[in-house]
Amino acid sequence: KDNKKFSNNLIITTQVKKIMPGGMIEHPEPVLHPQLAIIKDVITRLGDFTRITNEDNLLENVIATADVLVKTDNFNEFPDEISDLFLKAFSTLSVQIPIIGSLLSLIYQTNQ
């Protein structure tokens, strides 16, 4: 097992890499702190246009998400981990970049 020490001194354990058929190595996702897992899920789903219905209001969702993220104080508790989540989102969710950028600007504006 591998241990990762987070900035708030939490230690999260990940599984050992398994060797798969054909010599491939499985790289499991690290086990996230529950609050970080929720933030990752929210960031990933925020601009998922396959899940948006006519009743959804994307602007209201982005504003509400920014408000919740600022009020929960997770940025002070997990600053490195959350910045890593946003960087990964920018590099892998190209369609959602404008939405994630808007979310970050609202977080910055709300946090002033």
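A: A salt bridge is here a side-chain nitrogen of Lys or Arg within 4 Å of a carboxyl oxygen of Asp or Glu. The model is a predicted one, in which local features need pLDDT of at least 70 and side-chain atom pairs count only at pLDDT 80 or more, whereas totals for chains, interfaces and linings use all residues. Residues are numbered from 1 along each chain as its sequence is written, and side-chain values use heavy atoms, with hydrogens and water left out.

The search of the whole structure finds three salt bridges. To place them, the secondary structure must be described first. The chain has five helices and two strands, where helices (H or I, at least four residues) and strands (E, at least two) are DSSP runs numbered from the N terminus. Read from the N terminus, the order of these elements is β-β-α-α-α-α-α.

In helix H1, Asp 41 and Arg 45 are four residues apart, which means a separation of about one helical turn. Their closest N and O atoms lie 2.6 Å apart in the salt bridge. For solvent exposure, buried means under 20% relative accessible area, exposed means over 50%, and partly exposed means in between (1.4 Å probe, protein chains only). Asp 41 is partly exposed at 36%, and Arg 45 is likewise partly exposed at 41%.

Helix H2 carries the pair Lys 71 and Asp 67, which are four residues apart, about one turn of the helix. The closest N and O atoms of this salt bridge are 3.2 Å apart. Lys 71 is exposed, with a relative accessible area of 64%, whereas Asp 67 is partly exposed at 31%.

Helix H4 (residues 79–92) holds Asp 84 and Lys 88, again four residues apart, about one turn of the helix. Here the closest N and O atoms are 3.4 Å apart. Asp 84 is partly exposed at 31% relative accessible area, and Lys 88 is partly exposed at 47%.

Of the 112 residues in the chain, 26% are buried. A nonpolar core is a set of buried Ala, Val, Leu, Ile, Met, Phe, Trp, Tyr and Cys residues joined through side-chain atoms within 4.5 Å. The largest such core has 19 residues, and those with the most contacts inside it are Ile 43, Phe 86, Leu 103 and Ile 107. H1, H2, H4 and H5 each supply at least two residues of this core, and the largest share, five residues, comes from H5.

Apart from its neighbours within four places in sequence, Ile 107 is in contact with Ala 66, Leu 69, Val 70, Phe 75 and Phe 86. Ile 97 belongs to helix H5 (residues 97–111) and is partly exposed at 32% relative accessible area. The C-alpha atoms of Ile 97 and Phe 86, eleven residues apart along the chain, are separated by 10.0 Å.

Thr 65 in helix H2 is buried, with a relative accessible area of 13%. Not counting residues up to four places away in sequence, Thr 65 touches Val 42, Leu 46 and Leu 103. The side chain of Thr 65 also reaches the backbone oxygen of Asn 61 at 2.7 Å. A polar contact is a pair of N or O atoms within 3.5 Å; within protein, one must be able to donate a hydrogen and the other to accept it, and residues adjacent in sequence count only if both atoms are side-chain atoms.

Phe 49 sits in the loop between helix H1 (34–46) and helix H2 (58–71) and is partly exposed at 45% relative accessibility.

For the chain, the accessible surface comes to about 7,900 Å², of which 56% belongs to carbon and sulfur atoms. Accessible areas come from the Shrake-Rupley method with a 1.4 Å probe, and for residues only the protein chains shown count as cover. Among contacts with a separation of 6 or more, 49% involve residues 24 or more positions apart.

Technical notes: Contact means heavy atoms within 4.5 Å.
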